[in-house]
Amino acid sequence: MVPNIERMPKRQRHQQLARLIDENPFITDRELTRLLKVSIQTIRLDRMELGIPELRERLKLMAERSYDSVRSLPLHEVIGDIVDLELDKSGISVFEIREEHVFSRTGIARGHHVFAQANSLAVAVIDDEIALTVTADIRFIRPVKLGEKCIAKAYVRSVSGERSKAKVELFTYVGDEMVFQGNFVIFRSAGEHGSEGGDERADRY
């Protein structure tokens, strides 16, 4: 939190804004207004003066320049937008919760959508033409709501041999708050078949 930011000279406010976006490229304008205690119009004007694009454009630029090609499934089958990917190492995707993803009465995301983002990223991070979920030990930490952006981060913890299994640890955040955690075992093979989404247990909401 930056106190009395409105009383700061524009130059100092610009420095704070640039630092926050540099530390968290996924931060939204609304989150910036809360942190910096200024109007959303001020945030947008400051971004324009600094030449910093809006979140959607930042994600697009990141996706264009920063990740390996997905091998294990078609890119359009990944739930969410991949913004960073190092095969057999790590990956990041962003998924915005929209009207079609939530229960109409509560505005809370259906659990299988949150799981689907995580599961597809866990598969996408594997450097193999066939990668299938064997088991998923998952935990929903809090409900995700309409309009929130889920940032999933996957880490490949162990890889051994061409025809074996990989363990993928995954965390999903909204802002700085963790909302979902999963440990996936992914079967990787050049020619055999497995069971996609094996131990799902996801639709809790």
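**Figure 1. Confidence along the predicted chain, from helix H4 to helix H5.** In this predicted model, confidence is lowest in helix H4 (residues 55-65), with a mean pLDDT of 73, and highest in helix H5 (residues 111-124), where the mean is 96. The chain as a whole has a mean pLDDT of 84, and 84% of its residues reach 70 or more.

**Figure 2. Two stretches with pLDDT below 50, residues 1-6 and residues 193-205.** Residues 1-6 make 16 contacts in the model beyond near neighbours in sequence. For residues 193-205, the model has 42 contacts beyond four places in sequence. Where pLDDT is low, the predicted coordinates should not be read in detail.

**Figure 3. Crossing of helices H1 and H3.** The axes of H1 (residues 10-23) and H3 (residues 40-50) come within 10 Å and cross at roughly 85°. An angle of 65 to 115 degrees counts as roughly perpendicular, and H1 and H3 are therefore roughly perpendicular to each other.

**Figure 4. Residues at the contact of H1 with H3.** H1 contributes Lys10, Arg13, His14, Leu17 and Ile21. These meet Thr42, Ile43, Asp46, Arg47, Glu49 and Leu50 of H3. By class, the residues of this contact comprise five charged, four nonpolar and two polar.

**Figure 5. Secondary structure and burial in the chain.** Five helices and six strands make up the secondary structure, in the order α-α-α-α-β-β-α-β-β-β-β along the sequence. Of the 205 residues, 46% count as buried. The accessible surface is about 11,200 Å², with 47% of that area belonging to carbon and sulfur atoms. Among contacts between residues at least 6 apart in sequence, 64% join residues at least 24 apart.

Key. Residues numbered from 1 in each chain as written. Predicted model: local features only at pLDDT ≥ 70, side-chain atom pairs only at ≥ 80, totals over all residues. Heavy atoms only, no water. Axes fitted to C-alpha atoms, helices over the stretch in contact; angles between N-to-C directions. Helix = DSSP H or I, 4+ residues; strand = E, 2+ residues; numbered from the N terminus. Parallel < 35°, antiparallel > 145°, perpendicular 65-115°, else oblique. Contact = heavy atoms within 4.5 Å. Nonpolar A, V, L, I, M, F, W, Y, C, P; charged D, E, K, R; others polar. pLDDT = per-residue confidence, 0-100. Buried < 20%, exposed > 50% of the residue type's maximum accessible area, 1.4 Å probe, protein only. Areas by Shrake-Rupley, 256 points an atom, 1.4 Å probe, with all protein chains shown as cover.
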